[in-house]
Amino acid sequence: MLHTFAVYVDNKPGVLNRVSSLFRRRAFNIESLTVGHTETPGVSRMTVVVDTDEYGARRLEAHLYKLVPCRRVDNITAAASIARDLALIKVAATGEARTHVMQLVDVYRARIVDVSPESLVIETTGTEDKIDSLLEVLRPYGVVEMVRTGRVAMARGASSARRSVAPPSRPAPVAAESGGDVSHGSV
Amino acid sequence: MKRTGAQILWESLVREGVTDVFGYPGGAILPAYDAMLGYPIRHVLVRHEQGATHMADGYARASGKVGVAIATSGPGATNMVTGIATAMMDSSPIVCITGQVGSKLIGSDAFQETDITGITLPITKHNYLVTSAEDVAPAVLEAFAVARSGRPGPVLVDITKDAQQASCEVDWDAARPNLSEALDEALPGDGDARDAIALINAAERPLILAGHGVMLSGAEREIVALAERGQIPIAVTLLGIGGVAAAHPLNLGMMGMHGEAWVNHAIQEADLLIALGMRFDDRVTGNLTTYAREARKIHVDIDRAELNKNVRVDVAIAKDLRSAVDEWLPHVVAPGTRAAWLARIDSLKGDSAVRDIQNLPDDGHLYAAHVINDLWRLTHGEALVVTDVGQHQMWEAQYYKHNRSRSLITSGGLGTMGFALPAAIGAKIACPESEVWVVVGDGGFQMTMAELATVVQEKLDINVAIINNGYLGMVRQWQEFFYDKRYAATPISGPNFAKLAEAFGIAAATVTRRADVNDAVEAARRLKRAALIDFQVEQEDSVYPMVPAGADLHKMIRRPSPIVETAAD
Ligand SMILES: Cc1ncc(C[n+]2csc(CCOP(=O)(O)OP(=O)(O)O)c2C)c(N)n1
Ligand SMILES: [Mg+2]
């Protein structure tokens with residue numbers, strides 16, 4: 001089954017590589033992974049979705065904690081949480097088709113963010129299901145390009161404040177560089 | 001006062017209590033070497049950087065302290081890889097320092113540049129690339145903290161040449177490591193001590209499985225107390241040997257692929273396994289679907305990721321072993337049923353003694369098992385033995401009865417041939433008062449024998465016993481059992497080992513008959529410098545019992561009995 005982890009890591013070069021390398025090394029398959037800044041300076045948050053069983057999820061959590069730059073791991077699979085994915089979809093639509101596409105965009109509460117004579121770019125945010133379904137209905141009109149962020153997730157209510165993540169107290173030594181700056185990375 | 005990054009490196013090591021390092025110089029680490037002369041540290045010049053890492057590892061395993069290896073960039077660093085992986089698999093705390101090309105050159109394929117932090121990422125607990133003098137102290141101090149904390153292991157610190165040369169002030173207080181507490185925080189779902197105690201006291205046929213963690217956590221006494229209080233027998237893993245005295249009546253001996261037959265049978269018949277600081281490696285479980293099916297299981301390991309990995313357990317406790325067992329002790333009782341269980345195990349010994357090669361009549365051949373048994377007797381079981389990997393390693397585990405913790409050092413998890421000689425050098429430097437014996441095959445010895453020069457240069461009193469069977473014996477055994485005796489690439493020649501030793505300035509003897517074992521061993525023991533004995537043993541002997549890889553633990557290949565008929569002609 002799919003497990004969703006919120007992983008808090010020090011924002012240092014190479015950290016993304018350490019995390020993704022752990023998944024590869026332990027033969028876990030990443031369904032999606034997103035990274036971004038958090039409310040705490042110096043700390044990044046990853047949302048990682050992995051297909052594994054309950055024991056695998058526990059072991060993965062334990063392995064993540066063994067990474068020195070990893071500060072906290074929450075398995076938010078079972079927690080009531082909000083999960084969102086963002087997609088940009090370019091559809092080749094002219095003439096009458098264009099009107100149909102614009103109606104669909106309305107129905108799905110998506111937005112048109114770019115218009116050219118040959119195509120439209122649609123932006124949509126929502127659950128993966130909703131985006132999949134929008135994609136399905138747009139396909140007949142000709143989807144020429146698409147990009148998705150992958151899932152970001154957050155537990156509802158106050159539960160994510162279970163443990164707070166303090167900012168790094170001193171500029172720690174530069175961790176091994178091979179994965180680029182985590183705050184901009186995404187696998 | 002300003003210091004160079006190189007000076008800060010040595011001062012950091014001294015502050016960590018380091019007195020000995022094992023290394024090999026080169027361009028990118030030269031500033032560090034130059035600064036070394038100003039610090040009270042013994043540097044052991046190795047003959048290959050793999051040797052440096054095994055020495056640091058042997059040093060750590062013998063003493064419990066962190067071992068340190070140092071090398072230059074590029075080939076110096078890559079030569080360390082095998083030793084780092086060995087230390088990782090066996091949870092041995094070492095810190096490896098490597099030089100790196102100047103920070104401006106990183107990524108340019110400069111001379112002797114390799115991405116050693118990238119290469120060692122999956123085989124270290126953590127690693128650092130240090131590109132400024134300011135970062136040297138925090139990185140090195142944190143490296144030691146990481147290496148020894150939790151489940152110990154190797155850490156690598158890669159320091160660019162310009163970071164070694166630049167100068168800065170150091171604030172030692174600010175440099176102190178500040179590891180995230182999250183590392184040790186309990187997660188929900190942790191097993192409860194009360195559940196463990198209830199299972200232990202209710203069991204009729206409990207068995208303790210003791211591993212390397214017993215030594216790493218210093219729980220030797222607690223384990224014995226648990227066994228005695230509950231009248232619970234103990235089986236040990238290869239790396240658990242010595243953690244519980246072999247002579248203790250409740251210690252059954254080694255489990256697993258080449259474990260004693262009755263130990264494996266006891267595991268299969270037990271109704272409770274209490275796994276302490278071991279990790280259910282495939283070499284000890286055999287076929288997992290038939291493994292200990294009758295038993296409930298308690299597993300204590302400081303590494304939570306080991307719990308429920310290979311074997312699903314009833315109570316999983318992620319905790320330092322010593323404190324976990326300590327918590328149970330006052331509540332453990334011995335129900336009346338235990339005597340019957342101990343008697344049952346005794347009866348499982350069956351014909352094992354008759355099959356034991358020790359109890360077969362002398363047929364004039366020199367058997368490795370006899371050599372090891374004699375070595376045990378002549379050293380009063382008190383030597384610190386460092387073994388390599390292969391048949392001789394298993395015979396040592398079977399026939400040298402270790403009563404002392406940390407008195408057997410061997411590469412278990414990675415099974416690294418070439419480990420023994422360099423690891424013994426590290427062990428001897430850590431424990432100069434110990435009588436150190438290397439037990440090594442003719443194959444593995446030829447992988448790292450250049451370190452004999454290190455033994456001589458450092459004037460070390462190390463004894464080397466080569467168990468010379470003219471084969472890569474363990475592989476030959478697999479070919480004999482499972483590949484129709486097709487001995488592809490396993491017959492191995494070697495030099496005249498005695499003459500080789502003499503060329504290094506090491507006293508040597510060659511032994512071909514059992515009658516000569518005594519004198520050769522005694523002569524080596526009397527000599528207060530290095531000695532080497534080439535024991536030319538029976539070439540096609542095999543290690544028994546054997547659980548074929550992946551087979552059921554109780555289905556062992558036993559020694560054909562009696563051996564005399566097959567071997568004498
Ligand atoms: C570096 C390395 N290469 C290959 C192996 C595979 N291997 C395991 S045991 C063995 C044979 C060892 O031969 P020897 O050192 O003569 O010891 P023996 O088994 O004969 O006692 C080999 C090749 C290994 N463990 N390590
Ligand atoms: Mg051999």
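User: Among contacts in chain B between residues at least 6 apart in sequence, what share joins residues at least 24 apart?

Analyst: The share is 75%, where contact means heavy atoms within 4.5 Å. Do keep in mind that this is a predicted model: local features need pLDDT of at least 70, side-chain atom pairs count only at pLDDT 80 or more, and totals for chains, interfaces and linings use all residues. Residues are numbered from 1 along each chain as its sequence is written, chains are lettered from A and ligands numbered from 1 in the order in which they are written, and side-chain values use heavy atoms, with hydrogens and water left out.

User: How do you know that the radius of gyration of chain B agrees with a compact globule?

Analyst: The rule for a globule is 2.2 Å times the number of residues to the power 0.38, and the radius is taken over C-alpha atoms. For 569 residues a compact globule would come near 25 Å, and chain B has 24 Å, so the two agree. The C-alpha atoms fill a box of roughly 70 × 60 × 40 Å along the principal axes.

User: Why is B:D442 called buried?

Analyst: Buried means under 20% relative accessible area, exposed means over 50%, and partly exposed lies in between (1.4 Å probe, protein chains only). B:D442 has 3% relative accessibility, so it counts as buried. B:Y471 is buried too, because its relative accessible area is 11%. Of the 569 residues of chain B, 60% count as buried.

User: And what makes B:N201 partly exposed?

Analyst: Its relative accessibility is 21%, so B:N201 counts as partly exposed. B:N201 is found in helix α10 (residues 193-202) of chain B. Leaving aside neighbours within four places in sequence, its contacts are B:H331, B:V332, B:V333, B:P335 and B:R338.

User: How do you know which strands form the open sheet of chain B, and in what order?

Analyst: Helices (H or I, at least four residues) and strands (E, at least two) are DSSP runs, numbered from the N terminus. Two strands pair if DSSP finds at least two bridges between them. The order is β16-β15-β17-β18-β20-β19, with parallel pairing. β16 (408-410) and β19 (507-511) are the edge strands, each pairing on one side only. Four bridges join β15 (residues 384-387) to β17 (residues 436-441), six join β17(B) to β18(B), and six join β18(B) to β20(B).

User: What makes β18(B) mostly covered?

Analyst: Seven of its seven residues are buried. B:I462, B:V464, B:I466 and B:N468 point one way, while B:N463, B:A465 and B:I467 point the other way. Among these residues, B:A465 stands opposite B:I533 in β20(B).
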